[in-house]
Amino acid sequence: MIHPITFADPLAILQKSMDALSVQHQVIANNMANIDTPHFKRSVVSFQDKLRSALNINEPSSLWRTHVKHLPMFQSISLDDFKPDVRTVTETIGRNDGNNVDLEMESATLAQTNLLYNSLADVTGRYMANLRHSISEGRQ
Amino acid sequence: MGALSGVFAPFSITASAMTAERLRMDVISNNIANANTTRTIEGGPYIRQRVVFTPRFDPAPAFAPIMSLMTKEGLPVGVRVTGIERDPAPSRMVYDPGHPDANTEGYVAYPNVNTVNEMVDMISATRAYEANLTVFNATKSMALKALEIGRG
């Protein structure tokens, strides 16, 4: 099924978002694991802006594509090629041993990632339930 | 690869950190236990030990398709203890001429273990262990939630 605005399969969007969130979770796990490692630098994951551009969801002021054959204003990546960016933060200094992992920051991002992932899994489950409902012609 | 990538990678990362923190706790316990040991097999007093942590990387990054997302060294997969080193700080000299290990001037060399420092390190190790336990539970909740997709 194709979404009329984003021209993408909702399941593909959910899948890519959950993939990105699990990469983010892995990076947070690694940051937390190295909380006592001298000279370790934390990494961060960013994917929201990239995913938005892959879905052609632009800023409200910019031009919108209302048809899949419209020429894009900017060269945007396709959803299939979407991957989250992992960047090592070297600019900040946390402690005297050169480690810049911030426990509070990581805990907050961990909780956020966890909740987002769980809610996306829930949405995926509901989408599936809707499909099942349609397949059974609304009998259940 | 196997446990070092995919859904189970965070479990492996967190487990490596919990193993490392537990080893650190063991070393701290040993330091406190030997805080007053004046005689060892090598001779002289006990010398304080400390663990050295380094980031662990995937030994076979070429097999990890997700690797291109990560740093050039490969997929970061937790922490490992590269060694247990001896603290080079000098021994604590205490004047006690009656002690069997006293030197000719009557001073006894006690280990360079500061119990207060060890206690602080111990709290730090406990908190780090707990932080990783939180990550472990979060990973588990995510994995279980993903298993629920398409069910019911």
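Predicted model: local features only at pLDDT ≥ 70, side-chain atom pairs only at ≥ 80, totals over all residues.

Modeller: Buried means under 20% relative accessible area, exposed over 50%, and partly exposed in between, with a 1.4 Å probe and protein chains only. Residues are numbered from 1 along each chain as its sequence is written, chains are lettered from A and ligands numbered from 1 in the order in which they are written, and side-chain values use heavy atoms, with hydrogens and water left out.

Colleague: Where does His25(A) lie, and which residues does His25(A) touch?

Modeller: Helices (H or I, at least four residues) and strands (E, at least two) are DSSP runs, numbered from the N terminus. His25(A) belongs to helix α1 of chain A. A contact means heavy atoms within 4.5 Å. Leaving aside residues up to four places away in sequence, His25(A) touches Leu110(A) and Thr113(A), together with Pro10(B), Val135(B), Ala138(B), Thr139(B) and Met142(B).

Colleague: Which residues of α1(A) and α2(B) make the contact, and what is their make-up by class?

Modeller: From α1(A) come Leu21(A), Ser22(A), His25(A), Ala29(A), Met32(A) and Ala33(A), and from α2(B) come Ala131(B), Asn132(B), Val135(B), Ala138(B), Thr139(B) and Met142(B). For the classes, Ala, Val, Leu, Ile, Met, Phe, Trp, Tyr, Cys and Pro count as nonpolar, Asp, Glu, Lys and Arg as charged, and the others, Gly among them, as polar. The contact of α1(A) with α2(B) has 8 nonpolar, 4 polar and no charged residues.

Colleague: What is the angle between α1 and α2 of chain B?

Modeller: Helix α1 (residues 9-33) and helix α2 (residues 115-147) of chain B pack at about 160 degrees, with their axes 9 Å apart. They are therefore roughly antiparallel to each other, and α1(B) passes α2(B) in a left-handed crossing. That contact comprises 16 nonpolar, 7 polar and 6 charged residues.

Colleague: Let us turn to the loops. Is His39(A) buried or exposed?

Modeller: His39(A) is found in the loop between α1 (10-33) and β1 (43-46) of chain A, and at 65% relative accessibility His39(A) counts as exposed. Its phi is near 65 degrees, a positive value in a residue other than glycine.

Colleague: What do Asn34(B) and Ser91(B) touch?

Modeller: Asn34(B), in the loop between α1 and β1 (49-57) of chain B, is buried with a relative accessible area of 18%. Beyond residues up to four places away in sequence, Asn34(B) touches Tyr46(B) and Pro111(B). Ser91(B) sits in the loop between β2 (76-86) and β3 (92-95) of chain B and is partly exposed at 32% relative accessibility. With the same exclusion of residues up to four places away, Ser91(B) touches Pro45(B), Ala109(B), Tyr110(B) and Asn112(B). The C-alpha atoms of Ser91(B) and Tyr110(B), 19 residues apart along the chain, are separated by 5.7 Å.

Colleague: How many helices and strands are there in chain A and in chain B?

Modeller: Chain A has 3 helices and 2 strands, running α-β-α-β-α from the N terminus on. Chain B has 2 helices and 4 strands, in the pattern α-β-β-β-β-α along the sequence. Buried residues make up 41% of the 140 residues in chain A and 35% of the 152 residues of chain B.

Methods: Axes fitted to C-alpha atoms, helices over the stretch in contact; angles between N-to-C directions. Parallel < 35°, antiparallel > 145°, perpendicular 65-115°, else oblique. Left-handed = near helix turned anticlockwise from the far one by under 90°.
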